[in-house]
Amino acid sequence: MFSKLKSLIGAPEPPPAQAADPPSVPAPPAKEEKPSEKKDEEEQPKKEDEKKEEEKKKEEEPKKEEPKPAPAAAPAPAAPAAAPAPAVPANPDGAEGEEAPPPLPVVYFRYTDDTLRNVIKRLRQRTEIFKEKVIDPYATSPEITPPVTPILKKEDYIKLKEEERIAKEEADKKKAEEAAKKAEEKKKKDEEKRLEAEKKAEEERLAEEAKKKAKILTEISFSCFDALFLPLENKMDTILGCTLDPLNRRYIAWLTVVAVAYNYNIWFCSARLIFPFHSATANPYWVFCDVLSDLVTFIDIIVWQPRLQFVKAGDIILDLISIIPFDLFCLYFEFSSIYRLNRFIRIESFFEFSDRLESFMAKAYIWRVARTTGYLLYVLHLNACAFYCASVHQGLASTTWVYDGKGSAYLRCYYFAIRSLINIGGLPEPITIFEICFQMANFFIGVFVFSSLIGQMRDVIGAATAGEAYFRASMDGCVAYMNTYMIPKHVQNRIRTWYNYTWDAQGMLDESELLDSMPLVMRMAIAVDINLATFQKIALFQGCDQQMLVDMLLRLKSIVYLPGDFVVKKGDIGKEMYIIKSGAVQVVGGPDNSIVFVTLKAGSVFGEISLLQSAKDGGNRRTANVKAHGFANLFVLEKKDLFDILVHYPESQKVLARKGKKLIKAKGPAAAKTNDEKQKGFVLFETKPPTPKLLRALANLRQLKQHALTHKKE
C-alpha cells in the first residue's frame with residue numbers, strides 16, 4: 001500500500017542497508033524541484049509531527065540503545081532538500097553473525113499516515129465484529145444497538161422464552177384462582193349477612209305480633225266490610241286495572257274533574273262566606289253543589305289514588321282531613337260555608353293536574369299562560385272579598401270610599417279591586433284612618449303581586465319561545481358566517497332551506513342533544529319503537545342477535561337531505577348504510593342522471609353490502625347514484641360503529657360474514673372467466689388473433705416477387 005502511495009507522489013526509494021560498511025555517508029537530497037517557499041510553509045506542521053513521531057518511537061523501540069542515523073547534508077541555499085533521508089546504522093561492535101536492525105519507515109506526510117493507520121485499525125475491528133456475528137447470528141450490529149447481553153443461541157433463546165411464557169401463565173392462573181376464591185368468600189359473607197338480616201326481621205315481626213296480642217282491647221275485625229266491598233273492588237279492577245299510570249289519559253281526564261271541584265270550593269266558598277249569597281231559595285242549590293264536589297273528592301281518594309303506581313308520602317293524611325264532614329254543624333248552627341274551609345287543603349290535587357296536563361300537551365305554554373292569568377284573577381277575587389268586609393266594617397254607604405250597597409256587590413267590589421291592585425287610579429279618596437291604611441296596603445300588595453305575575457308571565461312566554469330563539473340565533477350566526485366568506489347565493493339559499501325544513505319537521509336542529517339527556521333505557525325504547533321492525537326485515541341482519549340489533553339502533557344518526565341532493569355517488573367509498581325515515585330517494589343513472597331505475601320510500605334500506613365489503617380491489621365502491629326525491633330524512637349507520645359492536649358478538653359476526661358473501665355473489669356481476677379456467681380442449685377451436693399489418697405487407701410483397709419471376713421465365 002505504501003509503495004503505491006510513494007509511486008503516486010513520486011518519492012525516491014531509500015538506499016539499501018550495508019552492514020559491513022563504516023558509518024554511512026549522508027544520503028543526497030531526494031529532489032530539488034520543489035521551491036523553497038513550499039518548505040517554509042510546511043516546516044511548522046512537520047515539527048509537530050516529528051514530536052509525535054519521537055514519542056511513538058520511544059514506546060515502540062526496544063530498550064537497548066541503537067545508533068542514531070547520520071544527519072542529512074546541509075541543503076543548498078538555492079534549492080533546499082525536500083526531506084532528509086536517514087542512513088542505515090552500521091554495526092558498532094562489528095560482531096559477525098548478527099543482523100542489522102530493520103530500517104525506519106520513511107514518512108513524507110504525517111497526517112496522511114496517521115489517517116490511514118486509523119482507518120486500518122477500524123477496519124480490522126469491524127472485521128473481528130462481523131466474524132463474531134457470523135458465528136452467532138443473533139448478535140446485533142454495534143451501529144444500531146449494543147449487543148444483547150447475554151448472547152444466546154437460537155435454541156437457548158426459544159427455551160428461555162417458553163419458560164417465561166409458562167411462568168407468566170402460571171402466575172395469571174394463580175391470580176385468577178385467588179380472585180375467584182376472594183369472590184366466593186365475599187359471596188358467602190353476603191349470604192350470611194342476608195340470612196342474619198332476614199332472621200332479625202322475622203324476630204322483630206314476631207315481637208310485634210306478640211305485643212299486639214298482649215293488648216287489652218282486642219282489635220275490631222273488618223272482615224265483614226271486606227266481604228261486602230269485594231265485588232265492587234273486583235269490578236273496579238276490571239275497569240281501571242290493579243295499578244294506574246299517572247300519565248294515563250283516563251287519569252288526567254279524571255284529574256280535570258277533581259280540579260273543577262277544587263276550584264269550586266276555593267272560589268265559591270270564599271265568596272259565600274263574605275257576600276250575602278245564602279238565602280232560603282239558594283241554599284238547596286248550594287247544598288247540592290257541595291255534596292257533588294265532596295262525592296268527587298271521596299271517589300278520588302277511595303278509588304283512584306290507591307291505584308297509582310307511586311304516591312307522595314303523607315298525602316293520604318291531608319286527603320282524609322279534607323273530607324271530614326264539618327258541614328253537619330249546619331244542622332245545629334246557621335248555614336255557612338266556613339265549615340268547608342278544610343276543602344282548601346287539597347291544593348296538591350290542582351298542582352298534580354297542572355303538571356300532568358303540561359306533560360300531555362304539545363304546547364304547554366298555553367296552559368301556563370292560562371294558569372298565571374287564573375292566579376291573577378283569584379288574587380283580585382280575594383281583594384274584592386276583603387274590600388266588602390272593610391265596607392261592612394265601616395258601614396255600607398257611610399263614606400264615599402266604601403261600597404254604597406247599590407247593584408251587584410261582587411261585581412262592584414271586584415271592579416274596585418282591579419283599579420286598586422293594578423294602580424289604574426281614579427279611586428275615591430279614603431277618609432278615615434282605617435280606609436287610608438287599607439288603601440295603602442292595597443297599593444303595596446298590588447305592586448308586589450302585579451310585578452310578580454308580570455315577571456312570571458314573561459318567563460312563561462320566554463320559555464315557550466326559547467327553542468325558536470335558539471333556532472334563530474343559530475341561523476343568524478350561519479348567515480353571518482356565509483356573508484363573511486362570500487358564499488354563493490344559491491348555496492346560502494339551500495342552507496336556509498335546510499334550517500327551515502329541519503326545524504319545521506322535528507322542532508330541533510339536532511336530535512342527539514335531546515336523546516343524550518335521556519337514560520339508556522329510554523333511548524333504547526325509542527330506538528326499538530322506531531326502527532327495530534325495519535332492521536329485522538333486512539336480509540343481511542336476519543338471524544343475528546337481537547341485542548346486537550338494539551345496539552346498532554342506538555348508533556344511528558339522523559340526516560336531512562334536500563331535494564336533488566346526492567346521498568351516494570357512483571365510485572365513492574362505501575362506509576355507511578342508510579335507512580329511510582321519511583321521504584323518498586331515487587336510484588338514477590345515465591349520462592346526465594336522468595334515468596330513474598327505482599324509487600325507495602320510507603322503511604327501505606340501501607348500502608348495507610358496503611358495510612362488509614373490504615377496500616381490496618375497490619370492493620367497497622358505490623355502484624350507483626342515489627339522490628333525494630324531495631325532502632328525505634335518513635338514518636345512517638357507519639361501518640366503524642358496526643365493527644365496534646361486532647367485537648362483542650362473535651357469533652353474529654360469523655353470520656354476517658357468511659351472509660355478506662352470499663349477497664355479494666347474488667347482487668354482484670358475474671366475473672369473466674380467465675384463461676386458466678378455460679378448458680384445454682377448446683383452445684384449438686378458438687378464433688386466432690389477426691396477422692399484424694406489417695407481416696401481411698411483407699407476405700404480399702414476397703408473393704408479388706414470385707409472381708414476377710414466373711412471368712419472366714415464361
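Is Cys544 buried or exposed, and what is its relative accessibility? Cys544 counts as buried, because its relative accessibility is 7% and buried means under 20% relative accessible area, while exposed means over 50% and partly exposed lies in between (1.4 Å probe, protein chains only).

The structure shown is a predicted model, in which local features need pLDDT of at least 70 and side-chain atom pairs count only at pLDDT 80 or more, whereas totals for chains, interfaces and linings use all residues. Residues are numbered from 1 along each chain as its sequence is written, and side-chain values use heavy atoms, with hydrogens and water left out.

**View 1. The protein chain as a whole, with its helices and strands.** The protein chain has 20 helices and 8 strands, where helices (H or I, at least four residues) and strands (E, at least two) are DSSP runs numbered from the N terminus. Of its 714 residues, 24% count as buried. The protein chain exposes about 51,500 Å², of which carbon and sulfur atoms supply 62%; such accessible areas come from the Shrake-Rupley method with a 1.4 Å probe, and for residues only the protein chains shown count as cover.

View 2. A search of the whole structure finds 0 disulfides, a disulfide being a pair of cysteine sulfur atoms within 2.5 Å.

**View 3. Asn342 in the loop between helix H8 (315-322) and helix H9 (347-360).** Asn342 is buried, with a relative accessible area of 9%. The side chain of Asn342 reaches the backbone oxygen of Ile321 at 3.2 Å, and a polar atom of that side chain also lies 3.4 Å from the backbone oxygen of Ser322. When neighbours within four places in sequence are left aside, Asn342 is in contact (heavy atoms within 4.5 Å) with Ile321, Ser322, Ile323, Ile324 and Phe326.

**View 4. The largest cavity and the residues that line it.** The structure holds 2 cavities of 30 Å³ or more, and about 70 Å³ of space lies in the largest cavity. On a 1 Å grid over the protein atoms alone, a cavity is a set of points where a 1.4 Å probe fits but cannot get out, and lining residues have an atom within 4 Å of a point. Grid points are joined across faces, edges and corners, and a volume is the space filled by probe spheres set on the points. The residues lining the largest cavity include Val258, Tyr262, Thr297, Arg343 and Ser349. The elements that give two or more residues to this lining are helix H6 (249-274) and helix H7 (283-304), and the largest share, 4 residues, comes from H6.

**View 5. Pro563 in the loop between strand E1 (557-561) and strand E2 (566-568).** Pro563 is partly exposed, with a relative accessible area of 37%. Not counting residues up to four places away in sequence, Pro563 touches Arg494, Ala628, Gly630 and Phe631. Pro563 and Ala584, which are 21 residues apart in sequence, are 9.7 Å apart in space, C-alpha to C-alpha.

Definitions and conventions:
Polar contact = N/O pair within 3.5 Å; in protein donor to acceptor, adjacent residues only side chain to side chain. 1 Å grid on protein atoms, 1.4 Å probe; cavity = no way out; pocket = protein on both sides within 12 Å on 5 of 7 lines; lining within 4 Å.
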